[in-house]
Protein chains: 2
Amino acid sequence: METGNMEAISAQRLYEALVAISRKTAVFASVLQLLEWDQETMMPEGASDIRAEQNTAMAALVHEHKTSSKWKKSLASLIDLETGAIKGEGLRDEQKAALFWWRRDFLQDSALPVSFVEEFTETTSKAMLVWREARKQSNFPLFKPHLQAIVDLCRKKADLLGYKNHPYDALLDLYEPTLTTDEVSELFAPIPEAVKKLIHGQKIIDDSFLLQDYDKETQLFFCHTILKAIGYDFSKGRLDLSTHPFSSSIHPTDSRVTTRVQKGLMMSCLSAALHEGGHSLYEMGLPQGSWGTPLGASLSLGMHESQSRWWECYIGQSRSFWNHFFPQLQKVFPAQLGSVDLERFYKAINKVEPSPIRVEADEVTYPLHVILRFRLEKQLIEGTLDVANLPEAWNSLMEELLGITPENAAKGCLQDVHWSMGAFGYFPTYALGNMYAAAFFESFAKEHSDWEKKVASGELSFIRKWLSEHVFRHGRRYTSRELVERTTGEPFSAAPYLHYLKHKYGR
Amino acid sequence: METGNMEAISAQRLYEALVAISRKTAVFASVLQLLEWDQETMMPEGASDIRAEQNTAMAALVHEHKTSSKWKKSLASLIDLETGAIKGEGLRDEQKAALFWWRRDFLQDSALPVSFVEEFTETTSKAMLVWREARKQSNFPLFKPHLQAIVDLCRKKADLLGYKNHPYDALLDLYEPTLTTDEVSELFAPIPEAVKKLIHGQKIIDDSFLLQDYDKETQLFFCHTILKAIGYDFSKGRLDLSTHPFSSSIHPTDSRVTTRVQKGLMMSCLSAALHEGGHSLYEMGLPQGSWGTPLGASLSLGMHESQSRWWECYIGQSRSFWNHFFPQLQKVFPAQLGSVDLERFYKAINKVEPSPIRVEADEVTYPLHVILRFRLEKQLIEGTLDVANLPEAWNSLMEELLGITPENAAKGCLQDVHWSMGAFGYFPTYALGNMYAAAFFESFAKEHSDWEKKVASGELSFIRKWLSEHVFRHGRRYTSRELVERTTGEPFSAAPYLHYLKHKYGR
């Protein structure tokens, strides 16, 4: 046997050893996911203290495994941890991609000393409690010192993680790997003007029939119907209730979703089910054989959000989707919808109106809420905005972007939980998700020019198949932008997104 | 400070170190409990493979912690691992009791080499599958070689664990610590004759009204009612459905129960809820501050069973319990029970009739099923009974004890899952549970001579209070027999049990 071959075999063996260690860590991480799912859905309230202890123990265990010297040594046998140069001979391209991500994750996981993580956790735990109270009272000064401490810690975090140009790069990379602050700024740049124009063209729409009393059990029954229709596999998941809808990613064979149900908010219940169902289809579609390695994992928060928004908005708020499902919805809610026609329903669920609250925003104004937060976060982290001046900065930017001023801090800069959690860098992924979805959707609609006809007839399975082919099966084989470019043939930009919005909401 | 004091302080510190390590292990073990609860109640069926991997990883982690050199060293600082002599100065009695159990658990946990545990797991995993098929076909020869392998492994297990007199001692001690084979034989000795006499005196009772169709939701509603009444705290637990009813012991603040519900088996649903509720009351009543140490843990399987049978039989099949609850049951099931009077209902739920299946046996004949298994297990382990001759031995003993012969092996020696799991030594705990319960019950009834009047008026809280005082709060402070003697003032024997049965079922 030649030396090259010998080395290739040895590299494969080393790679397999990495897979085994990585998979073991993933098993423990998946247990933590189950604990968190249970906590939000099933756990008796009295168990919160022991659950906190269980979560902490499992998180510490996972962290130990991710940063262990055994793991480091194995990893370093195939990739130079300093330079990122691949060492193994004869590794396949996807294996090299896996090594790229393993190294990146390892460097991130081991960059923060335990003492820092503990300080961060303690500070944010306290801040979350204070934030809840501050929002209730609409009292920014109450939250201010805590936010200041968090901003300081996030700057320190950026320093510990390291960055080339901007400290925000390091934070952004935690959630949307390989994308920089400058790139995001550029991607977001054309959106405000384009969206503003769209907002001005909107008519006043009466959606009051959506806010009537809808039976809760029937709402849930309908969630099951549409989840099954989009391809959600109930033998590998389940639908439950929780205060905040979420999807769990325990394993491709165990990805559970939740929604929330209120009598007066029927569409919110269905939309949440589609949104979380979209997240779960991604998890269920990941290549199971590579589970526990980067090739069997989701790509980024933004890419995940693209899948949820795909089903929630691109399909779930389309005319053709409701062409098929509205008669069924009318049948189960005859009193509320019997006299409403499809067009009126379609317009009501796509109503556009600037409002101060992000989570209640429509598809058109949503990105402006994200851009606002991105700009403020960047300024806070780079130090060009003082925490003390946040409420004013928020309000003036809100006026500039959306033409409205929130009536108080609770409906302004205190509305989101993210900052109290220290999740600076997270918000951009919400808008990026919509933009990835739009780019994919353009290609999808070109390839399936009859998609609306098919969907209108209740045929949906080809959609999941397309997403599986172009997104799910690749895991973390490519970066998000590579994946978009690979599918669309175009560099990732805001163009498809703005085109989609104009096409749907223009005139 | 005097040397004695210094040593006492140092012993307290060492003890605290032990508590910290032990608690950490308990946290991981509690996570495993949650995984198992989820598996039986919520888990989507497609997730069974990854769940097996999660369970195995967590079980291995717990085992590593229980047998780690760090733990061994800490333990050895306060107790001699060979002799069991306490080393620390100034330790309190309950701390010495904790050390006794920690040592006993450590020696048991570390007695079995990993290779043996793996062989055992592999053999029993296969055997369980074959057993299911063999029972379906009523085909003992199919199961025979597997049972032979398990008996051989159990003998080996006994050797590895070590014993003084009888290899069965080592297996029994796994489930009912400190009780020996001879002691169990002696405790069981007077039962068969006494029970046989009782059986002969029974009248034929018509319980067909219990086997009508009962609405499932209403059955569950009633389970909630009686669970609340006995003191089950739904803020620290929940009731769900599973194929085989069970209770989980995650933590005193998280102890969940299940039942099963079939239209034609209403009492089975209620009894299971009371049975599992009894187990959970014990868990919920353990001293929370000592959780993760022997002083915050349940004593033995037999003691646990005493708590479930207490509520299922001693209270839940009493006339006074139904004096209060039967009118409520009639109200929710008027069609089925409207024309039935309390006395007829009471007799029907206490019907005595020898039958071949243990899990369907009444309170009187139940111990005979256990004694039969205990005798056969003992003979199999000591080698005086050949596996090949088991069916004949089963049938002739069944004839001797219960006066019936099962029509086939499925209803005979193939009926239980336990042997396929390798759980030799487990069965006696079922009968011991009834006997502990009877001993406690005698004292309870003496102390609360008006208990029937109170219960008949719906007042139940004093019962849990009594159990808490005499059982729950002690954790593993005493051995089972010590605990019984402490409460009753008499050495543990079959007398209270036989007295109870005679009083309730005699003429």
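Visitor: How many residues of chain B are in contact with chain A?

Guide: This is a predicted model, in which local features need pLDDT of at least 70, side-chain atom pairs count only at pLDDT 80 or more, and totals for chains, interfaces and linings use all residues. Residues are numbered from 1 along each chain as its sequence is written, chains are lettered from A and ligands numbered from 1 in the order in which they are written, and side-chain values use heavy atoms, with hydrogens and water left out. Contact means heavy atoms within 4.5 Å; by that rule, 34 residues of chain B touch 34 residues of chain A.

Visitor: What area is buried between chain B and chain A?

Guide: Interface size is often given as the accessible area lost when the parts come together. Here about 2,700 Å² is buried (1.4 Å probe, summed over both parts), and carbon and sulfur atoms give 64% of that area. Met42(B), Pro44(B) and Ile50(B) supply 18% of what chain B buries against chain A, more than any other three residues.

Visitor: How many salt bridges does the rule find across the interface of chain B and chain A?

Guide: A salt bridge is a side-chain nitrogen of Lys or Arg within 4 Å of a carboxyl oxygen of Asp or Glu. The rule finds 6 across this interface. One salt bridge joins Asp38(A) to Arg256(B), with the closest N and O atoms 2.8 Å apart.

Visitor: Which rotation superposes chain B on chain A?

Guide: Copies are superposed by least squares on the C-alpha atoms of residues with pLDDT of at least 70 in both. A rotation of 180 degrees, with 0.0 Å of shift along its axis, places chain B on chain A at an RMSD of 0.0 Å. That is the relation of a two-fold axis. The same surface serves both copies, as 100% of the contact residues of chain B recur in chain A.

Definitions and conventions:
Buried area is the accessible area (1.4 Å probe) that two parts lose on being put together, summed over both.
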